[in-house]
Amino acid sequence: MDLSDAALLLAAGLAAGTVNAVAGGGSLITFPALIATGLPPVPANVTNSVSVFPGYVASVAGSRADLPRGRAVWTLLPTAVAGAVAGSLLLLATPARAFELVVPFLVLAATAVLAFQDPLRRLVGHPADLAPRRRTVTVQAMVGVGAVYGGYFGAALGVMLVAGLALVLDATLARVSAIKNLLSALVGCTTLVVFALLGPVDWAAVAVVAPATLVGGYAGARLVRRLPPVVLKALIVVFGTVIGLHLLSRALR
């Protein structure tokens, strides 16, 4: 790795950490940057998953005041770990092409769910009106699907989690974003362990990108707390749409 490669990865890490904290999708900054330094796609994807983990941790630190008190959020953690392990092993064991074709539609669908959250709530019912068992099962299912996706690819995980959780939780968007940060950090930690043991990680690249995502993640999480809910939702919808269309164009090449 030469100096220009290191500078590129440093800038990508700062930007990705900030974007991940605000809306998710920062991996679409670091992943192409890793490819540009000469890494093949699979090692780049694995290295990217390991590199962005510190940014998720910083996001949790920056948004910890918005995390709900009590045990409810902690019951989601085992589901997140199990889903992330399944997604990570899926990445290492199967061809990526079929999933690459599905991913853009998942991201665009999640973005649409968030954009049309209020009409959808009128159809499926407000979270406060759902039976406790149904609400619990629905939230667990959302987290499980998101964690599998996060273990496999990860880009736009934040968009998918925010969209799903905002639909089934009776909470402010800032609180949903804080829960998203916690779950993303846990998924990131799980993929780090799996890929460190089994994946082709480029640790030199990780040493450059990871500290940068740490700084960007904390700054982004602090920014989220200052944004009005309407602005935050608009940012996430825009990010999700751009990311989904980008993934779709790349998959159809």
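In helix α4, the buried residues are Phe 53, Pro 54, Gly 55, Tyr 56, Ala 58, Ser 59, Val 60, Gly 62 and Ser 63. Here, buried means under 20% relative accessible area, exposed means over 50%, and partly exposed lies in between (1.4 Å probe, protein chains only). Helices (H or I, at least four residues) and strands (E, at least two) are DSSP runs, numbered from the N terminus. Because 9 of the 11 residues of α4 (residues 53–63) are buried, this helix is largely enclosed by the rest of the structure. Its buried residues are covered by elements including α1 (3–22), α3 (41–51), α10 and α11 (203–226).

The structure is a predicted model, in which local features need pLDDT of at least 70 and side-chain atom pairs count only at pLDDT 80 or more, while totals for chains, interfaces and linings use all residues. Residues are numbered from 1 along each chain as its sequence is written, and side-chain values use heavy atoms, with hydrogens and water left out. The pLDDT score is the predictor's confidence in each residue, from 0 to 100. The mean for the protein is 82, and 93% of its residues reach 70 or more. Among the elements, α5 has the highest mean pLDDT (91) and helix α7 (residues 117–124) the lowest (68). Where pLDDT is low, the predicted coordinates should not be read in detail.

Helix α10 (residues 173–198) contains Ser 184, which counts as buried because its relative accessibility is 2%. Beyond residues up to four places away in sequence, Ser 184 touches Tyr 56, Leu 157 and Leu 161; contact means heavy atoms within 4.5 Å. Tyr 56 is itself one of the buried residues of α4.

Attention now turns to helix α5 (residues 77–93), where Ala 80 is placed. With a relative accessibility of 1%, Ala 80 counts as buried. Leaving aside neighbours within four places in sequence, its contacts are Val 143, Ala 147, Leu 183, Leu 186 and Val 187. Ala 80 and Met 142 are 62 residues apart along the chain, and their C-alpha atoms are separated by 9.8 Å.

Leu 89 also belongs to α5, but at 41% relative accessibility this residue counts as partly exposed. Together with Leu 92, Val 193, Leu 197 and Leu 198, Leu 89 makes a nonpolar surface patch of about 470 Å². Both α5 and α10 supply at least two residues of the patch, and α10 gives the largest share, 3 residues.

Key. Patch = residues over 30% accessible without salt bridge, like charges linked within 9 Å, V, L, I, M, F, W, Y side chains within 5 Å. Areas by Shrake-Rupley, 256 points an atom, 1.4 Å probe, with all protein chains shown as cover. Salt bridge = Lys/Arg side-chain N within 4 Å of Asp/Glu carboxyl O.
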